[in-house]
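Please read these notes beside the sequence and the model.

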Number of protein chains: 2
Amino acid sequence: MDVPFATVERIAKYLRCLKRIKNKKIKLVSSQTLAEHTKVTAEQVRKDLAYFGKFGRTGTGYDTEKLAKKLEKILNPKLNWNVCIIGAGALGHALTNYPDFKKAGFNITVLFDSDPKKIGNKIGTAKIYDVKKFSPITEKKKIEIAIVATPENAKEEIEQIITKSKIKGIINFTPATLNIKSKRKIPIIDVDLSQKMYILSFLITKGKRRQ
Amino acid sequence: MDVPFATVERIAKYLRCLKRIKNKKIKLVSSQTLAEHTKVTAEQVRKDLAYFGKFGRTGTGYDTEKLAKKLEKILNPKLNWNVCIIGAGALGHALTNYPDFKKAGFNITVLFDSDPKKIGNKIGTAKIYDVKKFSPITEKKKIEIAIVATPENAKEEIEQIITKSKIKGIINFTPATLNIKSKRKIPIIDVDLSQKMYILSFLITKGKRRQ
DNA sequence: CTTTGTGAAAATGTTCACAGCC
DNA sequence: GGCTGTGAACATTTTCACAAAG
């Protein structure tokens with residue numbers, strides 16, 4: 001059975017919500033509660049969960065902690081990833097220090113940049129390397145995820161170095177669509193911040209609420 | 001006719017792509033070309049555009065510059081927004097300096113924080129104010145969009161100050177779902193970076209490519 | 001001959017409604 | 001009474017296929 005992409009997105013939302021609820025020492029949660037906290041319908045929550053199994057008890061709801069663990073296992077079975085950031089600019093800096101990544105099991109190990117002034121510097125415990133050494137360093141440090149936080153015009157260079165590397169997945173903060181011509185299927189998640197602004201602008205002027 | 005949200009998202013992508021193509025002095029573009037650059041189908045491009053009008057010429061394609069202008073008008077008819085950022089941490093800093101926002105007509109005018117050490121400082125031309133002064137300052141400076149870049153635990157406080165304010169739209173970098181209890185419909189765009197990592201992790205381990 | 005714009009068909013995603021269980 | 005899990009109904013979105021236009 002093929003899981004809809006929207007379901008995966010929502011499962012990640014539920015997980016977040018469960019973690020928050022767990023901290024408040026609430027043992028049980030219903031699909032209704034979960035739905036209210038994530039702005040979807042209760043049926044949707046149950047349908048989404050049904051793609052992966054039966055996690056609840058009729059008449060009772062879901063055990064907050066158990067469900068959180070199951071969802072974490074579904075979304076991140078590996079539990080720990082080494083991650084690099086390409087582009088040690090302001091955004092790269094901010095992402096390196098982003099506390100939630102480590103909490104979720106994504107460790108920013110190294111950064112890459114082409115600016116000789118930056119190469120060799122450290123951001124926290126993460127060192128900045130020359131982007132020319134991308135493949136050897138990512139392979140040596142067993143880095144499987146790359147976050148692209150460079151200016152848009154670096155597109156072609158980024159595509160080349162990633163294609164040649166063993167990177168397994170990409171988060172792309174560049175507005176450009178990356179084309180990685182590899183036999184392996186490399187998933188790419190685009191996070192285009194200007195796009196979000198445009199969408200918001202559209203929703204405001206058209207009087208819509210939907211995100 | 002109701003425009004699907006996915007269509008709005010893609011229109012923003014097409015706009016980006018058109019701007020890139022325009023810089024390369026390419027006068028005409030077909031739905032096929034646009035589709036290849038944005039990883040959708042040509043029919044999808046045409047259907048999406050059809051929600052807003054007829055922009056092409058049969059047998060010829062679309063005038064790159066004209067189409068870009070039309071799409072910009074659709075997505076951002078106002079052309080200029082004053083934007084504030086709540087939370088002057090690393091992410092707030094990076095977003096303030098994010099060059100693409102200004103290019104797209106979104107001007108980060110002020111920031112807000114609760115840390116007395118930060119209040120009064122400047123990031124570029126943007127000054128950091130006490131978050132307690134949110135309403136008077138946003139009203140005085142005619143700020144209509146707020147970017148929330150605070151830690152998750154500020155949720156309730158943020159909800160309160162925005163509810164009381166005249167803010168018209170929100171970009172939320174917090175993993176929490178914000179509930180603004182206002183009669184006006186305030187669109188909220190969530191950008192949950194950990195969620196993106198989880199989704200990527202899922203796609204890598206399940207061998208999917210779809211973003 | 002190329003490419004748009006668009007009804008119709010197919011596929012996908014969401015909500016309804018309720019049986020079954022606590 | 002309260003809540004999950006799920007087939008069936010419904011709604012939406014995407015793809016197909018082609019007429020019309022340059």
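1. Strand S3 (residues 81–86) of chain B is largely enclosed by the rest of the structure, because 5 of its 6 residues are buried; buried here means under 20% relative accessible area, with exposed over 50% and partly exposed in between, using a 1.4 Å probe and protein chains only. Helices (H or I, at least four residues) and strands (E, at least two) are DSSP runs, numbered from the N terminus.

2. The model is predicted, so that local features need pLDDT of at least 70 and side-chain atom pairs count only at pLDDT 80 or more, whereas totals for chains, interfaces and linings use all residues. Residues are numbered from 1 along each chain as its sequence is written, chains are lettered from A and ligands numbered from 1 in the order in which they are written, and side-chain values use heavy atoms, with hydrogens and water left out.

3. The partners of S3(B) deserve attention next. S3(B) pairs in the parallel sense with strand S4 (residues 106–113) of chain B over 6 bridges, where pairing requires that DSSP finds at least two bridges between two strands; in this pairing B:Cys84 stands opposite B:Val110. S3(B) also runs parallel to strand S7 (residues 145–148) of chain B, joined to it by 4 bridges, and there B:Val83 stands opposite B:Ile145.

4. How many disulfides does a search of the whole structure find? Over all chains the search finds 0, a disulfide being a pair of cysteine sulfur atoms within 2.5 Å. In chain A, A:Cys17 is buried at a relative accessible area of 1%, and A:Cys84 is buried at 0%.

5. DNA strand C is surrounded by 24 residues, and the closest are A:Thr58, B:Ser31, B:Arg46, B:Lys47 and B:Thr58; a residue is near a strand if one of its heavy atoms lies within 4 Å of it. Of the atoms of DNA strand C that come within 4 Å of the protein, sugar and phosphate account for 56%. By class, the surrounding surface has 3 nonpolar, 11 polar and 10 charged residues, where Ala, Val, Leu, Ile, Met, Phe, Trp, Tyr, Cys and Pro count as nonpolar, Asp, Glu, Lys and Arg as charged, and the others, Gly among them, as polar.

6. Phosphate oxygens of DNA strand C lie 2.6 Å from a backbone N or O atom of B:Ser31, 3.2 Å from a backbone N or O atom of B:Phe55, and 2.9 Å from a side-chain N or O atom of B:Tyr62.

7. Within H3 of chain A sits A:Asp48, which counts as buried at 1% relative accessibility. Beyond its neighbours within four places in sequence, A:Asp48 is in contact (heavy atoms within 4.5 Å) with A:Thr7, A:Arg10, A:Ile11 and A:Tyr14.

8. DNA strand D has 23 residues around it, the closest being A:Ser31, A:Arg46, A:Lys47, A:Gly56 and A:Tyr62. A polar side-chain atom of A:Arg46 lies 2.6 Å from a base nitrogen of DNA strand D, while a polar side-chain atom of B:Thr41 lies 3.2 Å from a phosphate oxygen of DNA strand D. The largest share of the surface near DNA strand D, 4 residues, comes from H3(B).

Note on methods
Polar contact = N/O pair within 3.5 Å; in protein donor to acceptor, adjacent residues only side chain to side chain.
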